[in-house]
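Student: Could you walk me through one spot in this structure up close? I'd like to know what sits around it.

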Amino acid sequence: MKNLINLMSIVMLFFAATGCGRETATGTFKADVIVYGGTSAAVTTAVQVHRMGLSVIIVSPDKHLGGMSSSGLGFTDTGNKEVIGGLAREFYQLIYQHYDKPESWNWQKRSEYGNRGQGNPAIDGDKRTMWIFEPHVAEEAFETMIRQNNIPVHRDEWLDRETGVEMKDGKIVSIQTLSGKLYKGKVFVDATYEGDLMASANVRYTVGREDNSLYGETWNGVQAGVFHHGHYFKDKISPYKVPGDPSSGLLPRISTEAPGENGTGDHKVQAYCYRLCLTQNPDNKVPITKPEGYDSSQYELLVRVAETRWNEFFAKYDAIPNRKTDVNNHGPFSYDNIGMSWEYPEASYEKRKEILNEHITYQKGLLYFMATDKRLPQWVRDTMNTWGFSRDEFADNGYWPYNIYVREARRMIGKYIMTENDVLSKREVPESIGMGSYTMDSHNVQRYVTAEGYVQNEGDIGVAAPRPYRISLGSILPEKDQCSNLIVPVCVSCSHIAFGSIRMEPVFMILGQSAGTVASMAVQGKKNIHDLTYDEIRKKLVEDGQILEF
């Protein structure tokens with residue numbers, strides 16, 4: 001008995017010394033670093049903190065970790081893979097290790113899969129990385145990283161956005177979730193797509209597009225008549241219920257607002273969609289059925305597109321392993337629910353749920369419409385009916401992805417603001433903590449009626465970065481007078497169009513690791529995050545495999 005008491009005393013002393021994520025009688029949890037969010041960046045932040053010898057808790061509103069990387073976005077937007085290092089590369093190496101096992105190819109022979117990725121081969125044998133994957137495989141890779149580093153994760157815990165952030169002397173002291181749990185830390189990291197902790201801490205941020213004049217940009221603001229992809233109406237299509245008759249009213253999902261003057265800012269955000277995981281394998285396929293709330297009139301515009309003999313219906317079958325596809329928007333009327341995401345960034349949880357449900361109804365209805373409506377060509381219906389939901393993906397969520405693709409929401413106005421001039425290498429970026437390389441990519445923001453009386457989309461922009469570019473330390477830090485212990489690796493300080501390049505999952509993982517490094521060094525040195533020198537941060541980042549120059 002005496003030995004048992006001594007053992008219990010040692011265990012209690014250990015937890016007291018480490019500040020590890022333990023629960024007290026009052027429902028309070030303490031750690032050196034509190035990470036709010038369930039994204040890929042949240043995972044890499046926490047792993048880095050743990051590896052630097054400090055305690056960390058992930059407070060996740062999501063039950064499933066990984067954000068979009070494990071919620072359907074398996075056809076990875078890599079950009080230049082040579083600048084993806086550190087924990088991000090470790091994640092893609094875990095993916096490689098999984099698919100290196102013959103038993104992982106349960107619905108398809110590996111030799112039948114091919115090797116096409118987005119700009120890179122899907123499988124890189126030399127670096128032992130794999131960039132294309134099934135959602136459940138990505139989730140398991142994130143869970144492996146969590147298990148290997150023994151990181152406490154509190155799931156389904158939603159920040160009390162009204163009164164849940166306690167501030168003192170310009171620092172966050174604690175955050176409280178709607179369940180009543182209280183989390184105290186020395187440094188906090190907002191790793192959400194929405195920036196809810198950042199906003200609740202009253203850190204400055206913006207939503208929407210900036211005027212081009214603000215940062216000396218070209219591709220920000222309204223871009224009516226600018227068509228960089230194929231996601232616009234190439235033919236003259238009437239927007240009215242009775243073609244050519246304005247008095248009949250507009251068809252659904254067309255804005256009554258004018259788009260605005262080109263180059264001017266607004267508070268509108270690019271379209272969201274769910275990245276569905278569908279399959280053609282009859283042994284793994286769940287049929288597409290009529291969804292609750294289905295209204296075929298919502299898709300009348302698609303019928304008119306079909307009448308122009310547009311032949312790209314549902315043509316974006318990006319292959320992921322085991323006879324599945326990562327479904328993305330493709331064309332002028334597709335899975336992007338244009339104009340329906342504008343309120344989401346600032347909306348209450350209740351309002352966000354309404355917006356998400358509307359997106360689900362729209363996208364499920366579109367699948368059913370394409371599979372059954374006889375106003376569409378037979379080949380469109382035949383093609384759609386070869387596909388179905390993957391039975392082994394999102395099984396606890398009706399085979400539907402856990403997360404919607406929040407392509408942008410809030411963006412911090414921080415110590416350094418990344419703009420298109422940084423992405424296009426028109427100026428030198430100070431204090432690199434990682435690199436981006438993807439095209440500045442914005443999906444459509446609005447669907448409107450032109451002056452000539454036809455329907456058109458606006459906001460779809462794609463401008464390539466000439467080479468990989470540095471991302472500044474200051475872009476993940478608020479101004480010191482705003483908050484001195486909050487780091488923001490997802491809703492980073494940048495313009496709308498710069499975020500179009502930065503917003504890729506490998507980059508979020510990179511910035512998450514860098515956020516974990518800064519947080520840990522601040523705690524270890526008993527300093528504010530702004531008082532660390534870049535030289536000491538840089539040294540640690542390089543040691544841990546981050547790529548800061550190209």
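Tutor: Let's say first that a contact means heavy atoms within 4.5 Å. With that in hand, and not counting residues up to four places away in sequence, aspartate 373 touches Ser296, Tyr368 and Arg381. Bear in mind that this is a predicted model, where local features need pLDDT of at least 70, side-chain atom pairs count only at pLDDT 80 or more, and totals for chains, interfaces and linings use all residues. Residues are numbered from 1 along each chain as its sequence is written, and side-chain values use heavy atoms, with hydrogens and water left out.

So where is this aspartate? You'll find aspartate 373 in the loop between helix 9 (349-372) and helix 10 (378-384); helices here are DSSP runs of H or I, at least four residues, and strands are runs of E, at least two, numbered from the N terminus. Aspartate 373 has a relative accessible area of 12%, so it counts as buried (under 20%; exposed is over 50%, partly exposed in between, with a 1.4 Å probe and protein chains only). Its side chain also reaches the backbone nitrogen of arginine 375, at 2.9 Å.

Now zoom out to the chain around that loop. The protein chain has 14 helices and 26 strands, and buried residues make up 60% of its 550 residues. Of the contacts with a separation of 6 or more, 77% are between residues 24 or more positions apart. The C-alpha atoms fill a box of roughly 85 × 55 × 45 Å, taken along the principal axes.

How values were computed: A polar contact is a pair of N or O atoms within 3.5 Å; within protein, one must be able to donate a hydrogen and the other to accept it, and residues adjacent in sequence count only if both atoms are side-chain atoms.
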